[in-house]
Amino acid sequence: MLLLLAGTAQAQSPESLAWLRKMQEATQKLSYSGTFVYQHGSRSETSRITRYAGGDVERLEVLDGVPRELIRTRDTVRCYLPDSRVVKVERRLEHAQPGRNFPALLPEQIGTLAKHYDIALGDTRRIGGFDCQSVTLTPRDNLRYGYRLYADTKSGMLVGALTVDPAGRLVEQFMFTQLAIGKVTPDMVKPRHAAAAWRIEDAQAAPARLPGWGLSAELPGFRKIVELTRRIGESKPVGQVVYSDGLAAVSVFIEPLGERRESARTGLAPAMGAIHIYTREVANHKVTVVGEAPAASVQRIADAVEYRRP
Amino acid sequence: MKERISALMDGELDEHAAGVVIEALAGDREARQAWRTYHLIGDALRERGLRAPRPVRFPRFFPQRFALAAAATLAAVALVGWLAFAPQPPVAPAPIAQAPTPAATVPLPSEANDYLLAHQGFSPRVSFQGMAPYVRTVAEHREEPVQ
């Protein structure tokens, strides 16, 4: 029995945790520029991503479908939509609350992931010209997805990431088809559009308490990491509560239905890769739960949302 | 230009050359159509199943040189697919089995992309992957017919 317990506790090798740290460090410290494919179901989309580590600026340009460009700086994420001439602005709250550890995992938190995932070294493979080492994160229950992350053995840069469901089927994958590390200049992360006369939709996100709102039962492993108010598009203020197990996150959006009383249709929307969206009505509010977790987990969180008069 | 687009999809271009093609894609409708066509071909073939690749026959109107470029693209798609279907480690039986009753299916909320934008910033995945997860949005395709 003791041996069995010891075996469970030792399931994740120090090497695999070291690789996760290496990936995380590379993501933050390296400048890089590359083209990657995001694939789920029969859909695949190609995007270009560039990070200029010196200025902590990152640019993502979606090359398929409706043009879209996102620029992330230290304190904001801006999403440029040239077709509708709109810029959506999200302030990054993680820096507004010093001492809070979200969304980025701190290196010491990586060890706590092992509570919910069995972390191990996987196969080695060449992807896009890079020799890669994989790390597998296999969930310990069926409440979350599993992951296989491929990192360049030299730099630690994440070159490919696969998400699999509890039955081992592929849910979605990200794969670089071309990647250059270093050689990024500040002008490579400037927005393509001046956007001078475009409409600005500022989410006006601000940390807040949402009195009375909570979960009647938490989903095992998922704990509340932030509570805020914000706008969705041009809506009135909407509450957002985020729960995470350290790797997957689920957001609960709480929106007053108002006097028109357009009721919210209860149900699950078609999956988008690993993302599920579940909507229901609670206390004259529309509750929309969005998360990269299996449908049953998203629904369980949604079903547990309750309002108690404070 | 079409060969260059295909080369970009295959990851064969260096930093500078890739930048030139992307600029062209942004400003050239015809180039964008080629881009989309290549993806459609890739998608169609992927639906046929990757485990048993078959010889690809291109329609007669498909010029030979594009066929070669597209074939190279398929090799890249096949690589991606092959990685995906490699055997997965078995998952331990779940200790928690209270699955909720199956939900009704409803359409995606019209604000789905706004919810996603609002959500992604809080996903710990960005600490491993940077902004890449932000590509996850609802498909919206502009009315640009593919010839």
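## Asp245(A) and its partners

Let us start with a single side chain. Asp245(A) and Tyr117(A) are joined through their side chains by a polar contact of 2.7 Å. Here a polar contact is a pair of N or O atoms within 3.5 Å; within protein, one must be able to donate a hydrogen and the other to accept it, and residues adjacent in sequence count only if both atoms are side-chain atoms. A polar contact of 3.0 Å also runs from the side chain of Asp245(A) to that of Arg144(A).

Where does Asp245(A) lie? Its place is the loop between β16 (238-244) and β17 (249-256) of chain A. Helices (H or I, at least four residues) and strands (E, at least two) are DSSP runs, numbered from the N terminus. Asp245(A) counts as buried because its relative accessibility is 6%; buried means under 20% relative accessible area, exposed over 50%, and partly exposed in between (1.4 Å probe, protein chains only). Setting aside residues up to four places away in sequence, Asp245(A) touches Leu113(A), His116(A), Tyr117(A), Arg144(A), Gly221(A) and Phe222(A), where contact means heavy atoms within 4.5 Å. Phe222(A) is 23 residues from Asp245(A) in sequence, yet their C-alpha atoms are 4.4 Å apart in space.

## How to read the model

This is a predicted model: local features need pLDDT of at least 70, and side-chain atom pairs count only at pLDDT 80 or more, while totals for chains, interfaces and linings use all residues. Residues are numbered from 1 along each chain as its sequence is written, chains are lettered from A and ligands numbered from 1 in the order in which they are written, and side-chain values use heavy atoms, with hydrogens and water left out.

For the complex, the predictor gives an ipTM of 0.91 and a pTM of 0.76. Chain B has an average pLDDT (the predictor's confidence in each residue, from 0 to 100) of 63, and 35% of the residues score at least 70. Within chain B, confidence is highest in helix α5 (residues 112-120), at 94, and lowest in helix α4 (residues 64-84), at a mean of 49. The pLDDT is below 50 over residues 47-65 of chain B, a stretch with 16 contacts in the model beyond near neighbours in sequence. It is also below 50 over residues 78-97 of chain B, where 37 such contacts are found.

## Aromatic pairs

How many aromatic pairs are there over all chains? The count is 7, taking rings of Phe, Tyr and Trp (its six-membered ring) as paired if their centres lie within 6.5 Å; planes under 30 degrees apart count as stacked, over 60 as edge-to-face and the rest as tilted. Phe36(A) and Phe176(A) make an edge-to-face pair, 5.7 Å centre to centre with 65 degrees between the planes. This pair links distant parts of the chain, 140 residues apart: Phe36(A) belongs to strand β1 (residues 32-40) of chain A and Phe176(A) to strand β11 (residues 170-181) of chain A. Phe36(A) is buried, at 2% relative accessible area, and so is Phe176(A), at 10%.

Tyr117(A) and Tyr147(A) form a tilted pair, with 6.2 Å centre to centre and 55 degrees between the planes. Tyr117(A) sits in strand β7 (residues 117-127) of chain A and Tyr147(A) in strand β9 (residues 146-152) of chain A, 30 residues apart. Both Tyr117(A) and Tyr147(A) are buried. Ring pairs also join Phe36(A), Tyr38(A), Phe174(A) and Phe176(A) into a cluster.

Ser47(A), in strand β2 (residues 43-52) of chain A, is buried with a relative accessible area of 0%. Beyond its neighbours within four places in sequence, Ser47(A) has contacts that include Phe36(A), Leu63(A) and Val135(B).

Ser16(A) is part of helix α2 (residues 14-29) of chain A and is buried, also at 0% relative accessible area. A polar atom of the Ser16(A) side chain lies 2.8 Å from the backbone oxygen of Ser13(A).

## An enclosed helix

Why is helix α3 (residues 295-304) of chain A largely enclosed by the rest of the structure? Because 7 of its 10 residues are buried. Among them are Val298(A), Arg300(A) and Ile301(A). The cover over the buried residues of α3(A) includes β14 (213-215), β17, β19 (275-282), β20 (285-292) and β21 (305-307) of chain A.
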